[in-house]
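Welcome, and take a moment to look over the sequence and the 3D structure. The briefing below walks through them topic by topic.

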Amino acid sequence: MRADPSPGPARPRAPAGGPADRRGLASGVAAYALWGLLPLYFTVLAPAGPDEIVAHRALWSLLVCAALLTATRTWRAFVVVLRDRRTLGLLTLAAVLLATNWLVFVLAVATDRVVDASLGYFVNPLVTVALAVTVLHERLRTVQWVALGCGAAAVAVLTLAYGRVPWIALTLAVSFGLYGLIKSRVGRHVAAVPGFAAETLVLAPLAAGWLVWLHVQGAGTFVGNGIGHAALLALSGVATTVPLVLFNSAAARLPLSVVGLLQYLTPLLHLVIGVVVLHEPMPPARWWGFALVWLALVVLTVDAVRTSRAAALARRTGPRVSAGGPPGRRPPRP
C-alpha cells in the first residue's frame, strides 16, 4: 500500500536521462513491487487476525520510524510537527484513514478477496479526480469526465453482477484517496518520515491497548506460536517503512508522470496474486468491470501525459516569447 515521500528535505530532481533517473526508476519499481507483494506477506501471518496484524504494523512502524529519524537527524522536524496543532490534527485524521485502509486490506487478504483489493487501487486514481472536483472545486476537462463515467459504469457492472456493492474496493479507494488529499496538503511543509512517525505515534496507544486486550483474552498470537511467527509480525514495521523510503527516492528523481504510471504495478501484482496464486474466482462480469476501469485509467493517463508535455513545452518556449520572438525562434540580436 502506497505511502508518501521523503525521510528528509526533498532532493532536487535529476536531469532526465542521468544516472539518478535510473536509480529513481529502480527505487520506484522496488517500492511498488513490495507494496504489490504484501498479500503474500500477510497470508503467512496466520493465525493472527487482521486487527492484530494492523496493531503490530502500527507499533513496529513507529519503532522503525524512530530509527529513521535518528539516522536522518530529523527528530527536530518531528517535534515541530507535534507542536503544530493544525498539522497534528490533520495527521491524526490521516492516521485514522490509513488504519482503516490497512485493516480493510488485510481483511481482504484474510477472506480471499485480494482481487477486490486490486480493484480498489485501480479505482483510486479516479477517486482522486473525483475529490479534486468535490473538495477542491477543480474544473475537469471533458476527457477526465469520460474517465469518471467509465469508473462509475465499472462499479455499476460489478454491483449488478454480484448483487452487492464492492465495498472492499470502494473503501480502499476512498480511504486512500482522502489520505492522499490530506498528505498532499501537509506534505508541502512536513517531510514524510516525521509525518509518518506522527501518524504511527497517534495510532500507537490504541494499537498497544488492543494487543494487551487480545493477550488478556487469550486471542493474541505474538506469544506461543514460535519465534518465527513473532519475528514475522515484528517485520511488519520494516515491510511498511522500506517501501516508503524507496518511494521517496523515486519521487525525488522521477517526473510525476512516470511515478503515476508506476503506481499501477501494485494493483496489477495484487490481481495476479489473487487469480494465479490464491485462485480467486474471476467470472466474466468481474473481467468486464476491470476492463471498464482500465479503460478509464488509459484515458486519464493519456490525458495526463499530453497535459504534462504541453506544460513542459510552454515552460521551454515561454522565456523566448517574452524576449520578443515567436515560439521556437531566438530573439534578434542587438
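In what order do the elements of the protein chain run from the N terminus on? They run α-α-α-α-α-α-α-α-α-α-α-α-α-α, and the count is 14 helices and zero strands. Helices (H or I, at least four residues) and strands (E, at least two) are DSSP runs, numbered from the N terminus. This is a predicted model, in which local features need pLDDT of at least 70 and side-chain atom pairs count only at pLDDT 80 or more, while totals for chains, interfaces and linings use all residues. Residues are numbered from 1 along each chain as its sequence is written, and side-chain values use heavy atoms, with hydrogens and water left out.

**The chain as a whole**

- Of the 334 residues in the protein chain, 45% count as buried; buried means under 20% relative accessible area, exposed over 50%, and partly exposed in between (1.4 Å probe, protein chains only).
- Among the contacts in the protein chain with a separation of 6 or more, 84% come from residues 24 or more positions apart; contact means heavy atoms within 4.5 Å.

- Helix 3 covers residues 50-71, 22 residues in total, and spans 31 Å from its first C-alpha to its last, close to the 32 Å expected at 1.5 Å a residue (the expected span is 1.5 Å times one less than the number of residues).
- The buried residues of helix 3 include Pro50, Ile53, His56, Arg57, Cys65 and Leu69.
- Among the elements that cover the buried residues of helix 3 are helix 2 (38-43), helix 9 (192-216) and helix 11 (236-253).
- Proline 47 sits in the loop between helix 2 and helix 3, and a cis peptide bond with omega of about 15° joins alanine 46 to proline 47.
- Arginine 73 belongs to the loop between helix 3 and helix 4, and its phi is near 55°, a positive value in a residue other than glycine.
- With a relative accessible area of 77%, arginine 73 is exposed.

**Two helix pairs**

- The axes of helix 10 and helix 11 come within 4 Å and cross at roughly 30°; axes are lines fitted to C-alpha atoms, for helices over the stretch in contact, and angles run from 0 to 180 degrees between N-to-C directions.
- Helix 10 and helix 11 are therefore roughly parallel to each other (under 35 degrees counts as roughly parallel, over 145 as roughly antiparallel, 65 to 115 as roughly perpendicular and the rest as oblique).
- Leu232, Leu233 and Ala234 of helix 10 meet Ser236, Gly237 and Val238 of helix 11 in this contact.
- Helix 4 and helix 5 pack at about 90°, their axes 5 Å apart, which makes helix 4 roughly perpendicular to helix 5.
- Val81, Leu82 and Arg83 of helix 4 make that contact with Arg85, Thr87, Leu88 and Leu91 of helix 5.

**The buried residues of helix 10**

- His229, Ala230 and Leu233 are the buried residues of helix 10.
- What covers the buried residues of helix 10 includes helix 2, helix 3 and helix 11.

- Aspartate 116 lies in helix 6 (residues 114-134) and counts as buried at 8% relative accessibility.
- Setting aside neighbours within four places in sequence, aspartate 116 is in contact with Ile168, Ala169 and Arg286.
- Histidine 279 is in the loop between helix 13 (265-277) and helix 14 (284-322), and has a positive phi of about 55° although it is not a glycine.
- Histidine 279 is exposed, with a relative accessible area of 64%.
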